[in-house]
2 protein chains.
Amino acid sequence: MSHLGPDQTRTKILLAAAAEIHRQGFQAASIAHILADTGLTKGALYHHFPSKQALGLAVVDEVVLIGLEARLLTPLREADEPLDTLLAYMDSRIHVMTDDAFKLGCPLNNLVQEMSLVDDEFKAHLDHILQTWQAVIEHTLIRGQEQHRIRGDVDCNAAALFIVSAWEGCWGMAKNRQSAHTFRLCMTQLQQFVLSLAPRA
Amino acid sequence: MSHLGPDQTRTKILLAAAAEIHRQGFQAASIAHILADTGLTKGALYHHFPSKQALGLAVVDEVVLIGLEARLLTPLREADEPLDTLLAYMDSRIHVMTDDAFKLGCPLNNLVQEMSLVDDEFKAHLDHILQTWQAVIEHTLIRGQEQHRIRGDVDCNAAALFIVSAWEGCWGMAKNRQSAHTFRLCMTQLQQFVLSLAPRA
DNA sequence: AAAGATTCATACCGGTTGGTATCTAGAGAG
DNA sequence: CTCTCTAGATACCAACCGGTATGAATCTTT
């Protein structure tokens, strides 16, 4: 019977775990549920991952971080006009996303809120994501300053911190309201904040 | 031996539950821990509260909401210059609070992130708090418009939504970084946002 | 083809969870 | 003094949790 090869089952478990964690949170995520979703058994899981914590950290590193890199960070780093790229990405988030996407909230934010004070390893991995995210935004703003699209007196470090924080805050509110409309309204205000950093016409 | 009267034991349980939930989150909160903290037993708890969920909702209604009302909402409603009151409250948060206060994050935000999609009753009670909070901020901004301290073209509803969202986002980031410095930096940017709503000098 | 290492399944474990049934002690009413 | 109602204690339960030990295939190496 059907062995798919070790890598495929590993990623199968990884994706099922990511989905379960996204729905239930990490602590409430049940290994039994993950295995039921995959059709596999505990032997398979504990062969590829030494513990539930290790599985969770793998989800953070290999699903959440990689996804953010591919969607936002890499495009932002390689952009010629990073400020426009950032605003355009926020636009795409505002207009494209559907209600369903918010029902479960932002996977990163969910884990940050739940795990940062419960588990130091989680906190470290999650903080790494937030730090690189913030750093990329800060670099975007600095390049915006060089292009005279952002005022020189703006504290890019603090502004980047706020943008990331407010971004997650918008997710959280939209998750509670269960509405894309809320997210759109909220995210548009964040755009206004970014635009308020520009020099006065 | 020492009966304190039913009301005192009820609030004793309520406060211990609030603390435990603040530390562990609701789902991970253990009634055994709560009872160990109070020195009481299950008989006492399940006499006053029919279930763990009911206990959690009581914490939301009687601790979290009442606390927010006393600290911010009531002062804001009664203020003659509500915009200054809001900015001053943000100032007090920025300057007064210590590192310890952030280690556990915002009790409201923690519960919103954890429970809003897991339990509909929780979602309803938490949403009620967020709605009234947002409404009070919106009313503050509208009164600011009447006093010509806020531009007339500002969408006060959206701005209030964003302020509450970003506020919680600042909490979340500070909780992950475990630093009051992060909160101060972040909250100061939120103040800047509010000030950016004022008419240009 | 024999030997060894992967890959996964099955069965089981101790511990913890929220919840309940039962009992006792005290307070107030008649 | 007794009856009743409330407040709280004790003991117990089934369900679920993450984790492990063992065994059976299958693949790789020699």
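The model is predicted: local features need pLDDT of at least 70, side-chain atom pairs count only at pLDDT 80 or more, and totals for chains, interfaces and linings use all residues. Residues are numbered from 1 along each chain as its sequence is written, chains are lettered from A and ligands numbered from 1 in the order in which they are written, and side-chain values use heavy atoms, with hydrogens and water left out.

**Chain A**

Chain A has 10 helices and 0 strands. Helices (H or I, at least four residues) and strands (E, at least two) are DSSP runs, numbered from the N terminus. Along the principal axes, the C-alpha atoms of chain A fill a box of roughly 70 × 35 × 30 Å. Within helix α1 of chain A, A:R23 and A:E20 lie 3 residues apart, about one turn of the helix. A:R23 and A:E20 form a salt bridge, with the closest N and O atoms 3.4 Å apart. A salt bridge here is a side-chain nitrogen of Lys or Arg within 4 Å of a carboxyl oxygen of Asp or Glu. Over all chains, this rule gives 18 salt bridges.

**Chain A with chain B**

In the pairing of the two chains, 41 residues of chain A are in contact with 42 residues of chain B, where contact means heavy atoms within 4.5 Å. The area buried between chain A and chain B is about 3,600 Å², and carbon and sulfur atoms give 60% of this area. Buried area is the accessible area (1.4 Å probe) that two parts lose on being put together, summed over both.

Across this interface the rule finds 2 salt bridges. In one of the salt bridges, the side chains of A:R177 and B:D127 meet at 3.0 Å, N to O. The interface of chain A and chain B also has 9 residue pairs in polar contact, both residues at pLDDT 80 or more. A polar contact is a pair of N or O atoms within 3.5 Å; within protein, one must be able to donate a hydrogen and the other to accept it, and residues adjacent in sequence count only if both atoms are side-chain atoms.

On the side of chain A that touches chain B, at least two residues each come from α1 (6–24), α7 (107–115), α8 (120–146), α9 (156–177) and α10 (180–195) of chain A. The largest share of that side, 15 residues, comes from α9(A).

A rotation of 180 degrees with 0.0 Å of shift along its axis superposes chain A on chain B, with an RMSD of 0.0 Å. The two copies are thus related as by a two-fold rotation axis. Superposition is by least squares on the C-alpha atoms of residues with pLDDT of at least 70 in both copies. The copies meet through the same surface, because 100% of the interface residues of chain A are also interface residues in chain B.

**DNA strand C**

DNA strand C is surrounded by 18 residues, the closest being A:T41, A:H48, B:A29, B:K42 and B:Y46. A residue is near the strand if one of its heavy atoms lies within 4 Å of it. Of the atoms of DNA strand C within 4 Å of the protein, 58% belong to sugar or phosphate and the rest to bases.

| Residue | Oxygen of DNA strand C | Distance |
|---|---|---|
| A:H48 | phosphate oxygen | 2.6 Å |
| B:K42 | base oxygen | 2.5 Å |
| B:Y46 | phosphate oxygen | 2.7 Å |

Two or more residues of the surface near DNA strand C come from each of α1 and α3 (42–48) of chain A and α3 (42–48) of chain B. With 5 residues, α3(A) gives the largest share of this surface.
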